[in-house]
Amino acid sequence: MAASTEPWINFDVGLLIDRFWANTVNGLAYGSIYALVALGYTLVYGVLQLINFAHSEIFILGVFGVYLTFLALGFEPGAIPDLPLGFIIVDLVLAGLVGMAVSGFAAVLLERTAYRPLRRRNAPRLAFLITAIGASFVLQQVIRIWRGSNPEGTIRLLPPSPVFTIFGAPVTNLQIIIFLASLAMFFVADTFVNRSRLGRGIRAVAQDPNTATLMGVNRERVITITFLVGGVLAGVAGLFYLMTIPQGAVYNGGFLLGIKAFTAAVLGGIGNLRGALLGGLILGVAENYGQSLFGGDWRDIVAFVLLVVVLMFRPTGILGESLARSRA
Amino acid sequence: MIRRRLAAAGALVAAVALVLSGCANQGGGQQQGGGPQAGAPSQPTDAVLPAGDGQGRCAPGTSIAYTGTIAGQNAALGIAIVNAVQLAVDQHNAANPNCQVTLVRADTGGTPDTAVGPVTAVINNPQVLGIVGLPFSGESRAVGPALNAAGLVNITPSATNPALSTNGWTNFFRGLGNDAVQGPAIARYIQQRLNAQNVCVIKDDSDYGIGLAQQVTQALGPAATCQADVRTNQREFSAVIGQVQQANPQAIFYSGYYQEASPLVQQLRDAGVQTPFIGPDGVKDEQFVVNAAGAADGALLSCPCVPQEGFTDFTNAYRQAFGVPPQTYSAEGYDATTILLQGIDRGAADRAALLNFVRSYNGQGLTKRFQWSPTGELTQTPVYMYRVQGNQIVTDSQI
């Protein structure tokens, strides 16, 4: 148990105030990774009312895709290469594309092999949920057998360096890239769902699958595209995650982040793209505030208490659920 | 409505899963390379070795078991031990044609919640007379009562939580100094050698991390000016680092395992905190150095393990068998196995006899002299400080 000199919970308002801006900056950057992963949960939920618990492994597969691309490009664990910025950007983009492809492909494959057969047999929802959890374990163990249980050696192409400060809180190049790129990815996804023809199909299936089918929407195709988009976003998240946490490529590394991202999706309103973004960012900063205020061992508890409190007053999350009704 | 309920059920599953994962994972890890260094002892001339006198006789099928992490979290530590156990058994069997001992490998996954099943299987295997393990404190506490009830002798090569020997278990033996020895030694080093009077103690949420942090904090007294906590599997530490920056300490002690320590030390250095970083045996692993990249350079790592580079016969045989140098607690695992094999060679044919043999054992091993108190603590408990130099963990000094 804790040392007798140490209280079981802190209430350090001074630290919270002192660290407010730093916590906000760090929380927004890390929260945007939550948000990108949360989008995958929310998209699938919107269309299938399925909580795809295996999405955390789709994410970690993307992380491995990025990592293995680094290896294939000739980078070695340990030393930080001293390359011109242009090369680094090209390498990062390349690795990100591979990560997107790996995650997207894995998500579609998962849908085909695990969920579609269940749908054919009109399985109850519970069967989907349990299959999702099972698929999560299977993928995790496959990665473990393949790559071992130790984290991959650190390869970091772009070390963080402060660019400017906000009220004394340093903002690093990495954080700016991740935050802005995540926002951009969100807008692409949001525009895709709300403006494109395929997106209209997704919304139609989310609203009423039977009627949508009668109106000529190919439901299976919509489902495939939904998984693909969710997977691709997870691949982007994988790149940003590995840039932030170079030790992140480990077989069970997606588990905790996946649960947090799922929490973010529910917090913002599952099934709602904007809710996923908002939920991710809120969760990112709330975790940091909570740690400063109550102590680091309260990190996860803060996230879930926040979820419980929000659901008590807004049972469908902050922005409400439903992909179909989230039209601008 | 169904959607909402499903989402709520999902949140519940997620919360339960998170709590379970939080309970997971305790231990210590490590490794060293390179040739002999200052402070590393050489092989004692009277050390008892697994081969014994070659006159051992035992029934066919006689077994001992390694129970501990092999593929679970912080697996590097478990592999370092099980390899050494295997080496000892192989050397014994080669030298004793009339006593062929089988090694049973039981992978506990390294966590209290996954250890029970494999350990029960070992208990139910009547041919297993003794156990080397368990390596981690949390899992040791979880399965200790069952092992004690089975009267199955177990020698842990690395679990250091002091409370393990206070449960009245008559079959528990610790092959190294516990954290009540390591903790004050670390505190002394920080205060006297580093001259730091303002120390941040950061701990994880494992039995091991919490117990050791308490020992160090107590020994530091008023010098332990800030306390911070991290969670198992946490990878993003900006809030904790903020707390450290605010306290502006002269030294940081991290009480936990390498999986969290490597991102933590990297993020500390990235944030511009250049304060000396001290970790315990749970961080002393090559994985720490590899994963922290350059950020681990200069970190100090304490360990109740004895430097192995001077035990050249052992290190050469290990390297030949497994292609890598022995790592943290390999020699301790080798010594523990030797003791069990000695008992079997001397005619201990059931669990009770082997337990009695270990209880009254008094002999020299590679790492130290082994003789236990009634609670299973050693009388000799050396603690060493190691240092990360470039990409290697080198011996600093005995502390």
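Which handedness does the disulfide of B:Cys200 and B:Cys226 have, judged by the torsion about its S-S bond? In this predicted model, the torsion about that S-S bond is about 90°, so the disulfide is right-handed. B:Cys200 belongs to strand β6 (residues 199–203) of chain B and B:Cys226 to strand β7 (residues 224–229) of chain B, so the bond ties together parts that lie 26 residues apart in sequence. The two sulfur atoms are placed 1.6 Å from each other, and both cysteines are buried, B:Cys200 with a relative accessible area of 0% and B:Cys226 with 8%.

Across all chains the structure holds 3 disulfides. Another of them joins B:Cys58 to B:Cys99, with 2.1 Å between the sulfur atoms, and it links distant parts of the chain, since B:Cys58 sits in the loop between α1 (2–23) and β1 (63–68) of chain B while B:Cys99, 41 residues away, sits in the loop between α2 (75–95) and β2 (102–107) of chain B. Its S-S torsion is about 105°, so this disulfide is right-handed. B:Cys303 and B:Cys305 are also bonded, at 2.0 Å, in a right-handed link with 130° about the S-S bond. Counted along chain B, the bonded cysteines follow the pattern 1-2, 3-4, 5-6.

As for confidence, chain B has a mean pLDDT of 87, with 90% of its residues at 70 or more, although pLDDT stays under 50 over residues 18–36 of that chain.

On chain A, a nonpolar surface patch of about 600 Å² accessible area is formed by A:Ile301, A:Val305, A:Val308, A:Val309, A:Met312 and A:Phe313. A:Phe313 is part of helix α12 (residues 299–313) of chain A, and its relative accessible area of 67% makes A:Phe313 exposed.

Technical notes: Residues are numbered from 1 along each chain as its sequence is written. Chains are lettered from A and ligands numbered from 1 in the order in which they are written. This is a predicted model: local features need pLDDT of at least 70, side-chain atom pairs count only at pLDDT 80 or more; totals for chains, interfaces and linings use all residues. Side-chain values use heavy atoms; hydrogens and water are left out. Patches are made of residues with over 30% relative accessible area and no salt bridge: like charges are joined within 9 Å, nonpolar side chains (Val, Leu, Ile, Met, Phe, Trp, Tyr) within 5 Å. Accessible areas come from the Shrake-Rupley method with a 1.4 Å probe; for residues, only the protein chains shown count as cover. A salt bridge is a side-chain nitrogen of Lys or Arg within 4 Å of a carboxyl oxygen of Asp or Glu. Helices (H or I, at least four residues) and strands (E, at least two) are DSSP runs, numbered from the N terminus. Buried means under 20% relative accessible area, exposed over 50%, partly exposed in between (1.4 Å probe, protein chains only). pLDDT is the predictor's confidence in each residue, from 0 to 100. Contact means heavy atoms within 4.5 Å. A disulfide is a pair of cysteine sulfur atoms within 2.5 Å.
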